[in-house]
Amino acid sequence: MPANVKDVLLVGLGAVGTIYGYILQSSKLARVTAVARSNYDVVNAKGMNIRSKKYGTHESWKPYRLVSSVAEAADRPYSYVILTTKAIPEVITTSRILEPLLSSPYSERHLQPTYVLLQNGLDAKALNQGEPKIISTVVWIGTNLVEKNVVDHNHFDRITIGMYRHGDYLTTINSPEEKAVLTDLGTMLETGGSEVTVATEIQRKKFAKTFWNVAFSSFSTLTGSCPAAIFRPPPKEGQSYSPYIAPQTAPDVIPVLRAILQEMITLGRALGYPDNDDGLPSSLIDDVILRTAKVHRDPAHTALPSMLLDVQNGLPIEVEVILGEVVRMAKEVGVDVPRIETLYALLAIIQNQTLGGFRKPRL
């Protein structure tokens, strides 16, 4: 293996994992071993079919090496372990998924890799051990797993990366060692074609990303409709698309969305995030709503929020690491978030019924 090529373990070969596995392998700076769990058999036999407006169509794509479990992959050292599985601690914790790498004999034979969490939510403390190092991320991508080995991807993928510092929301300078690790990973991703930003304090970026999930993922999942149902006008003559705002009623949900996001701003202030571009600007409320409206007015935009897609497929949702963690953080600092608590309670019912076996997977 050339000296500048590093072994990377990718855990999870769903929609996000496939696209970022493709990006890393395309960089020619990473030798990707991918763990495909529920879809291992079909991917091993037929590969992944990628249909991307950015990267093109790739039939039967496979990483350098495909395995069916983390334990099977624990036969060599890795520079990075990238986790793209859903963050659902009610089903399985992150530390349990990665246990073959975190425990003996692997931990005695090899240096710990840097762990990179490409996951939604705010709770990364499951791996808080000083070592290994953890890179947390904010990922903006429109991609869906439409079959077990078929991934649709639109025209963009953006990722912000930064070192996770447990309990520290205010340090905004990367050490030389942190900068070197982030630059190395960022170079791989950029060379492969992704758009990368390196953050000096990632948790406020994660918190800002959670704005979208708290408001729009929740609304979409509870109503069964993507955000187009809030923003997209009816088709004009000669056009045909759905969903859109039906003319029979005129629901005005924007004030409700604003009130939910204002609760997030209030919580952010209590956590110490300043009202500026480097912290948590109050303008984020309007920015999130306007950006979402612009994207979802476009009839060509067909990607669904992942939480809605999971419910449609009878799969567990990331309710605890998104809304549950926001509610727990608010209680710790004495901030009332009644609207978010309501969304959390309703989504928790859906999660309970899914975990109870009353919603069956479609895929």
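Me: What does buried mean here?
Reply: Buried means under 20% relative accessible area. The model is a predicted one.

Me: Why is Tyr22 called buried?
Reply: Tyr22 has 13% relative accessibility, and the cut-off is under 20%, so Tyr22 counts as buried.

Me: What makes Trp61 buried or exposed?
Reply: Its relative accessibility is 10%. The limit for buried is under 20%, so Trp61 counts as buried.

Me: How many aromatic pairs are there?
Reply: The count comes to 8 aromatic pairs. In one of them, the ring centres of Tyr22 and Trp61 are 6.2 Å apart, and the rule asks for centres within 6.5 Å.

Me: Why is the pair of Tyr22 and Trp61 called edge-to-face?
Reply: The ring planes stand at 65°. Planes over 60 degrees apart count as edge-to-face, so the pair is edge-to-face.

Me: What parts does the pair tie together?
Reply: Tyr22 belongs to helix α1 (residues 15–27) and Trp61 to strand β4 (residues 56–61), so the pair ties together parts that are 39 residues apart in sequence.

Me: How do you know that β3 and β4 pair?
Reply: They share 4 bridges in the antiparallel sense, and pairing needs at least two. Arg51 stands opposite Thr57 in β4, and a hairpin through 3 residues joins the strands.

Me: Which way do β3 and strand β9 run, parallel or antiparallel?
Reply: β3 and β9 (residues 150–163) run parallel, joined by 4 bridges. Here Arg51 stands opposite Asp152.

Me: What makes the charged end of Lys209 sit over the ring of Trp140?
Reply: The charged end is 4.8 Å from the ring centre; the distance cut-off is within 6 Å.

How values were computed:
Residues are numbered from 1 along each chain as its sequence is written. This is a predicted model: local features need pLDDT of at least 70, side-chain atom pairs count only at pLDDT 80 or more; totals for chains, interfaces and linings use all residues. Side-chain values use heavy atoms; hydrogens and water are left out. Rings of Phe, Tyr and Trp (its six-membered ring) pair if their centres lie within 6.5 Å; planes under 30 degrees apart count as stacked, over 60 as edge-to-face and the rest as tilted. Helices (H or I, at least four residues) and strands (E, at least two) are DSSP runs, numbered from the N terminus. Buried means under 20% relative accessible area, exposed over 50%, partly exposed in between (1.4 Å probe, protein chains only). A charge sits over a ring if NZ of Lys or CZ of Arg is within 6 Å of the ring centre and within 35 degrees of the ring normal.
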